[in-house]
Amino acid sequence: MTERWNAAENSRSHVVIPARYASTRLPRKMLLRETGKTVLQHTYEAACAARKPSGVVIATDHVEIAREVENFRGDFVLTSRDCASGTDRVAEYARKAPKAEILVNVQGDEPEISAAAIDR
């Protein structure tokens, strides 16, 4: 499995969606599929509707989530399982995309986030 992400050298801003596999309250939450799509896919598609970011990437610690992202043709980066929070995953991504000036942290369980909120 190869990371798929589009952190172009000149990209200024990205939406980063941290997605942890082992949620403490609801394990595998990102992979729940009540509507035919996973929670994570709904969130990714909502984030992709924003106009200002140059890309959307999922930062995950687990290959099962990465495979799901590949299934819906999204972009992802694998992060350490030692990340204590989503913010830590965003920070790890930031180190891999040093030219990005703006990173918008959208939680993976926000499938109804509006593009306008991200653009603001």
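This is a predicted model: local features need pLDDT of at least 70, side-chain atom pairs count only at pLDDT 80 or more; totals for chains, interfaces and linings use all residues.
## A strand covered on both sides

Let's start with strand S1 (13-19), which is covered on both faces. Ser13, Val15, Ile17 and Ala19 sit on one side, His14, Val16 and Pro18 on the other, and all are buried (under 20% relative accessible area, with exposed meaning over 50% and partly exposed in between, for a 1.4 Å probe and protein chains only). Since seven of the seven residues of S1 are buried, the strand is largely enclosed by the rest of the structure.

Residues are numbered from 1 along each chain as its sequence is written, and side-chain values use heavy atoms, with hydrogens and water left out.

## The sheet around it

S1 belongs to an open sheet of four strands, in the order S3-S2-S1-S4, with parallel pairing (two strands pair if DSSP finds at least two bridges between them). At the edges are S3 (76-78) and S4 (102-105), each pairing on one side only. From one strand to the next, the twist averages 30 degrees.

What does S1 pair with? With S2 there are five bridges in the parallel sense, and Pro18 has Ala59 in S2 as its bridge partner.

Helix H2 lies across S1, S2 and S3, running at about 165 degrees to S3. Helix H3 (residues 86-96) lies across S1, S2, S3 and S4, at about 135 degrees to S1. For these angles, axes are lines fitted to C-alpha atoms, for helices over the stretch in contact, and values run from 0 to 180 degrees between N-to-C directions. Contact means heavy atoms within 4.5 Å.

Back to H2: its residues Ile65, Ala66, Glu68 and Val69 are buried. Seen down the axis, the buried residues of H2 fall within an arc of 160 degrees, so they line one face of the helix; the arc is that of the directions from the helix axis to the C-beta atoms. They pack against S1, H1, S2 and S3. Just after H2, Arg73 takes a positive phi of about 65 degrees.

The largest nonpolar core has 21 residues, and Val15, Ile17, Leu40, Ile58, Ile65, Val69 and Ile118 have the most contacts inside it. Such a core is a set of buried Ala, Val, Leu, Ile, Met, Phe, Trp, Tyr and Cys residues joined through side-chain atoms within 4.5 Å. S1, H1 (39-48), S2 (56-60) and H2 (63-71) each supply at least two residues of this core, and H1 gives the most, with four. A second, separate core of eight residues includes Val16, Val57, Ala97 and Ala100.

Leaving aside neighbours within four places in sequence, Ile58 has contacts that include Ile17, Leu40, Tyr44, Val69 and Phe72.

## One aromatic pair

(Rings of Phe, Tyr and Trp, using its six-membered ring, pair if their centres lie within 6.5 Å; planes under 30 degrees apart are stacked, over 60 edge-to-face, the rest tilted.) The pair links distant parts of the chain, with Tyr44 in H1 and Phe72 in the loop between H2 and S3, 28 residues apart. Tyr44 counts as buried at 8% relative accessibility, and Phe72 is buried at 15%.
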